[in-house]
Amino acid sequence: MKMIDDDANAYIITYHSEVTGVIYHCQRMFSRLAMKAAGTSSQRSIHQLSSIKRMGLDSPNMSQTVVHNGVVYLSGQVDASASNIEGQTKDILSKIDSLLQEAGTDKSKLLSASVWVKDIQKDFQGMNGVWNQWLDPNNKPVRATVEANLATSDILVEIQVIAAQTLNE
């Protein structure tokens with residue numbers, strides 16, 4: 001039994017390392033794409049390209065938005081004020097629009113989206129319908145959607161996005 005546990009732990013550690021490496025390379029790629037989309041020239045100073053701005057600091061454990069190297073990272077957004085998936089998704093996407101605007105961008109510059117749905121069999125179509133109505137059809141991001149146990153029982157969906165920022169030259 002110990003051998004199986006050691007093998008499983010080794011697999012998990014290897015898997016975690018590979019995933020961490022992929023995430024690092026994706027973040028670098030998003031950063032390069034954002035700079036290109038924003039028209040960032042290679043002549044910008046290192047200081048300008050390595051600035052970090054944190055916004056929405058009301059929570060004791062996270063920022064709502066972090067802007068780094070022309071890339072806008074939003075924390076996972078939830079809203080349990082509606083009792084159904086369509087209402088929660090619509091409210092979350094409205095929050096995302098506001099946060100992106102505060103950070104100097106909009107949904108047309110989305111690079112990536114992660115969606116967590118509490119019950120994917122029951123709620124995927126409802127969430128996806130609202131998402132498709134909201135999405136800029138000419139500027140679709142990459143997206144992953146998975147089922148997950150969320151923080152509280154009344155939360156049906158959580159959405160996190162990454163977008164390129166429009167930088168002033």
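Q: What covers the buried residues of α4 in this predicted model?
A: The buried residues of α4 are Asp 123, Gly 126, Met 127, Asn 128, Val 130, Trp 131 and Trp 134. Their cover includes α3 (85-102), β4 (110-117), β5 and β6 (157-164).

Q: How far apart are the end C-alpha atoms of helix α4, and what should its residues span?
A: Helix α4 takes in residues 120-134, which is 15 residues. At 1.5 Å a residue, counted over one less than the number of residues, the helix should span 21 Å. The model agrees with this, as the end C-alpha atoms are 20 Å apart.

Q: Is Val 146 buried or partly exposed?
A: Val 146 sits in strand β5, residues 142-147. Buried requires a relative accessible area under 20%, and exposed requires over 50%. The relative accessibility of Val 146 is 40%, so Val 146 counts as partly exposed.

Q: What is the phi of Asn 69, and where is Asn 69 placed?
A: Most residues other than glycine have a negative phi. Asn 69 has a positive value, and its place is the loop between β2 (65-68) and β3 (71-74). Phi of Asn 69 is near 50°.

Q: Is Asn 69 buried or exposed?
A: The cut-off for buried is under 20% relative accessible area. Asn 69 has 17%, so this loop residue is buried.

Terms used:
Residues are numbered from 1 along each chain as its sequence is written. This is a predicted model: local features need pLDDT of at least 70, side-chain atom pairs count only at pLDDT 80 or more; totals for chains, interfaces and linings use all residues. Side-chain values use heavy atoms; hydrogens and water are left out. Helices (H or I, at least four residues) and strands (E, at least two) are DSSP runs, numbered from the N terminus. Buried means under 20% relative accessible area, exposed over 50%, partly exposed in between (1.4 Å probe, protein chains only). Contact means heavy atoms within 4.5 Å.
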